[in-house]
Amino acid sequence: MYPRPFEYVAPKTLDEALAALDQTEGAKVISGGMSLLGLMKLRLLSPGTLIDIGRIPELDQIEDRDDHIAIGALVTHGMTASHALTTEHATALAQAASWTGDVQVRNRGTTCGSLAHADTAADQPAGAIACGAVMVARSVGGDREIAAADFFVDALTSALEPNEILVELRIPKEGGRSAYDKLGRRGGHSDYAVAGAAAWVRSDNGTVADARIGLTGVGTAPSLAAGATEAIIGSDGSAEAIAAAAERAVEGVTVLEDLYGSEEYKTHLAKVYVARALEQALALARS
Amino acid sequence: MHVSMSVNGREVSGDVEPRTLLVHYLRENLGLTGTHVGCDTGYCGACTVHVDGISTKSCTMLAVQAEGAEITTIEGLASNGELHPVQEGFWERHGLQCGFCTPGMIMQSAYLLAEDNNPDEDTIRHGLDGNLCRCTGYHNIVKAVQYAGARMRSEEPDAPDWEEEGT
Amino acid sequence: MTSTISPTTTTSALGGVVHRKEDPALIQGHGKYTDDIKFTGEVAAAFTRSPFAHATINSIDTDAARAMPGVHAVYTIEDVRHLGTLLAQVPVGALRPLLADGVVKHVGEAVAMVVADNRYLAQDAADAVSVDYDPLEAVIDLKDALSDRVKVHDSLDSNLLISWVGPFGAEPEDQQKVKADIDAAKEGDDVVTVSQEMLNQRLIPVAIEPRAVVADYNPGYGSMTVFSSSQIPHALAGAIGKTLGLLSNQVRVVAPEVGGGFGAKLNVYSDEILVSWASMQLGHPVRWTETRREAAHSTVQGRGWVATATIVGTKDGEILGYQLEGIADMGAYTQNFTVAIPFLGLFVGSGQYKMPTWWKIDCVTTHTNTTDAYRGAGRPEAAYYLERIIDMYAREIGMDPAEVRKKNYIPNDQFPGAVSPVGFAMDTGDYGTNLDALIATSDYAGLRAEQKKAREEGRYLGIGLSSYVEVCGFAPAGLAELGFSWSTYGLPAAFSGSGLVRVNPDGTATVQIGTGPSGQGHETTWAQIVSDRLAIPVEHVKVRHGDTGDSPMGIGTFGSRSAAVDGSATYEASQRVRAKAAKMAAHLLEASEEDVVFANGGAHVAGSPDSSVTWAQIAEIAYMPHKLPEGMEGGLEASVVFNPSNATWPFGAHLAVVEVDAETGNVDLLRYITVDDCGNVINPMIVDGQVHGGIAQGVGQALFEEALYDETGNLLTGTLIDYPLPTAADLPTFELSRTVTPTDINPMGVKGIGEAGTIGSAQTVVNAVVDALAPLGVKHVDMPLRPRRVWQAIQEAKG
């Protein structure tokens, strides 16, 4: 309940924050603090310095930028869940955000913070992967763009370097529709995902022209369900095609057993939720 | 570190270690013990307060992060000696037993009703799922929020359960 | 004897809805719980806890901790061994040392205590205490523990501490004959035998207020003042005094607002003793408040049984015998009621049924945190096994589960005073009427039709019902004779229920009771009792409790006992005050005592409401005794210790409707319907509230909660992240009604309702889920019915 002592700085600009992060050994960036403070209170993590980016202006916007939308580092789960731009162009991510934590957590926790935390069972990574998000990692040396599918490396490990801040999430406006569905640890959609899948599809004359499927809760990190994605592209999106794609849900994924399910169960759930996410995304695409 | 903020309309300031959680600043430094601590993982919601009008679990925030903020705690919810409709609802509909989760539950309910004063039951239940109660089974908490919503809409609340029994 | 479902709004104080007197403070943040009560100069304690379930302690290095800024002291067993062990009411097994003594026996056992300026610094210093351990093999699994392959305590002959066998009170050979007769029945023609091993998993009580204690010793007065989040302040005062060598009137324990207890605070804890002792050593008030993670490791847990239930019966639903045989987990150390909890299960081992019953639970010690009372305490476990196996039997013979139950209930003509097959005399009961009420109020036939339709649509809708009998309202006659009491240690603590009623000079009343409520609404309910007897308005009755400095001796609040015992004491005390006041009023009204009627805040002459006096006028002469007739004693107060002749036996029937997603195993609880019977009702609003909360905890056990240890004794579910409690979003609106069968053993006819909801609910939900999955061939799923378990059961049934 009581974090170990640390230094605290609250830069006014992103440049100051990046400089502080670059120069301070063992510093961590805090925005909403929903994930980080929890670990610190259990003394599972004790950074020497916290760099609070919460006071930096203009990071709390979702912007429409012609070919993509941009979600700033301080955009909360609640804003991602309800904003007109996300619900239209990143439905799966918005749905995932709406099932992240509870109201109070969604009020303070940030989408970028959740992604950077890279929990194996978080919702929004699956949405980000399916929506083809690009992560903008910034350091004193400049920007680096990382595809969402490459961003989640391992449990609680993202592709961010220690001196980088995830300043923005960009979702391409490529048409098509997306959806997210999961089984929560407390049942239904509550709490972290035992297993969850997000699917984005773009149909062309009854054929699935393009698709991406993101998985969470199942493996060591949220990931692209490459086999299922490959299977659904070019198909007619029929029930049979969905079932065939779902069968390949965990292709290339190391499924991990945890408190919430055996390897066999999680493998099964991955198939179920790939199918359900695809069904919902295809239904939206047809409507 | 020095912090200053407005709590229940009063300007307060003081020195804290950076690691001091907002809830401990409220309870230990300001003596506002109505905000409770029920867990260490941000799951129970007993510490819910409003930070700049937004419901927040005050154990998930550092006091220094609240620099310059306007905080409302359970002690500041009633105004001019009048109970907030949610407080009245919890009393009228037996929405509390031991009362420990109640300040957080009331603050969260007041936030939900400020956003939408006519939520359906499902919306209330999901809106409160970050606040744990071990006494009431939530049954009367939902009734209390419905009562308060009706009051805020200037409507007559539904009759309490105990007048409907016997059917 | 039973009136059907009750109309509940009345205008009389007793039986009517009165809004709670407790609430104005609590809804405005003015309620004071232990951690809210601050002392000048107070310092904070923290504990260094064992990371091992079983290990030898080679050395404890406290130097670094002592050298840290703000640290006042670091204590180990060397400092406190002379105080002895933690005291328990039923001292069978190994008692807990105040700090680990040479060896640790469970993860989270306190090894050292640090006292520092504040809780942050105390935790820093507790982390800096360095302990050198040699890990030893731990025994966690119950069957493994029973084999004595690894012993938990060298000082004990066996890990088996005690076995509770029923029929209770019978000679061992007679008990064996009951068992043998049931075994013989299994060999009969045209009988069906159904048997199932089932887990009743360990639970963590999780009162939302963590336990907290602050002690302030004043060497000048020689007084110890302790605020603690406790259900049993009197027993705690006794234990502190006994352990620290203080007289009982030097120790004042106050249980202020208590944020839920559920049995977890029905214990004297070593931290309470240590904090009090440290205050004596340091000359500062000392505080400790547990963190939630600490609570999971050091506050008692509940349940933890594995047992096999067996029924033999005819093909037309007559149960010929019931057997339960299993093991209950006591954890490492015996605390207050630890080994007695399964015994409470034995009380209701045969439920409300008449079939011969043989029942045996072995209490074993393991390298885990101590178990003790948790809401229901033995009775939910007993009801679970019985009501699950009855459902399995009903399905086996193709009979409706409601019909099977009705066919085997103890008939009404046995009451009052029916003796159950496990050997206990019961007060009153009318089980058939109660179940009929549930069938009617739930539209059971309609639900079955709905289920048929759902099944045709490929949906897995399930209907589960169960019935239960509870035993509660314990008092000396019910328990002390059986070995439950503090008297083993000569503790100056009561084992009784009490009530003191005083009418004040201004005509208001003050009531002092020996209970330790944690949300049950005693300030309101007791005001209703007194108001009913004295006709003083409820708002003029102030109820005080939980302070050993000014309340009559009491046992505290647990076991659904307060209204039946302390409430009855208060009722009787009110009667005595009333009788005394009647004499005074008669004097003032110049009427005969028999003609005095109490109403509307005073007394008047029967038939002449205008000829009246107020309570203030009566009190005026009571407290100026020179105005009283010669020979009449002054004062208007009475104190009563109530000693009922038996416990009370509430009962009820519950029904749940669930829908299961067979593809994922996810369970949705759609409806929950109850008909409980707790005898007469003092405040229906409060009684319903108790049922609501009880149901939620039973549903929590059925669907969500489990204290899960790995094979090395690590608790895998020590935070609320991995120990999920039901939330508002997980539960439906409950549908409650009642039958009313008053008890004949106390003046108000009240039985108790605090635990009924929990005792009735877990098996109801499991019965519903198994019913939902019947078309898939699923016969049983162990709790909690997390999706993974349900899915697994479906796969196994599919083969």
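Me: Which residue takes a positive phi just after α13(C)?
Reply: A word on the basis: this is a predicted model, where local features need pLDDT of at least 70, side-chain atom pairs count only at pLDDT 80 or more, and totals for chains, interfaces and linings use all residues. Residues are numbered from 1 along each chain as its sequence is written, chains are lettered from A and ligands numbered from 1 in the order in which they are written, and side-chain values use heavy atoms, without hydrogens and water. Helices (H or I, at least four residues) and strands (E, at least two) are DSSP runs numbered from the N terminus. Just after α13(C), a positive phi of about 50° is taken by D443(C).

Me: What do the buried residues of α13(C) pack against?
Reply: Buried means under 20% relative accessible area, with exposed over 50% and partly exposed in between (1.4 Å probe, protein chains only). In α13 (residues 431–441) of chain C, the buried residues are Y431(C), G432(C), N434(C), L435(C), A437(C) and L438(C). Taking contact as heavy atoms within 4.5 Å, these residues pack against α12 (401–408), β16 (460–469), β24 (651–661) and β25 (666–677) of chain C.

Me: Which residues touch the most other members of the largest nonpolar core?
Reply: A nonpolar core is a set of buried Ala, Val, Leu, Ile, Met, Phe, Trp, Tyr and Cys residues joined through side-chain atoms within 4.5 Å. Of the 207 residues in the largest one, those touching the most other members are F90(B) and Y322(C).

Me: Which helix gives the most to this core, and how many residues does it give?
Reply: In soluble globular proteins, nonpolar side chains tend to be buried together. The helix giving the most to this core is α11 (residues 379–397) of chain C, and its share is 11 residues.

Me: Why does the pair of F337(C) and F558(C) count as tilted?
Reply: Rings of Phe, Tyr and Trp (its six-membered ring) pair if their centres lie within 6.5 Å; planes under 30 degrees apart count as stacked, over 60 as edge-to-face and the rest as tilted. The structure holds 27 aromatic pairs over all chains. In this one the centres are 5.7 Å apart, and the pair is tilted because the planes stand at 55°.

Me: How many residues apart in sequence are the parts that this pair ties together?
Reply: F337(C) is buried at 5% relative accessible area, and F558(C) is buried at 12%. F337(C) lies in the loop between β14 (319–331) and α10 (341–347) of chain C, and F558(C) in the loop between β19 (541–545) and α17 (562–589) of chain C, so the separation in sequence is 221 residues.

Me: Which charged residue sits over the ring of F558(C)?
Reply: A charge sits over a ring if NZ of Lys or CZ of Arg is within 6 Å of the ring centre and within 35 degrees of the ring normal. Here the charged end is 5.9 Å from the ring centre of F558(C) and belongs to R561(C).

Me: What kind of pair do Y384(C) and Y385(C) form?
Reply: Y384(C) is buried at 0% relative accessible area, and Y385(C) is buried at 0% too. The ring centres lie 5.7 Å apart with planes at 80°, so the pair is edge-to-face.

Me: What distance separates the C-alpha atoms of V90(C) and Q335(C)?
Reply: V90(C) is in the loop between α3 (77–80) and β4 (103–104) of chain C, and is buried at 10% relative accessible area. Q335(C) is 245 residues away along the chain, yet the C-alpha separation is 7.8 Å.
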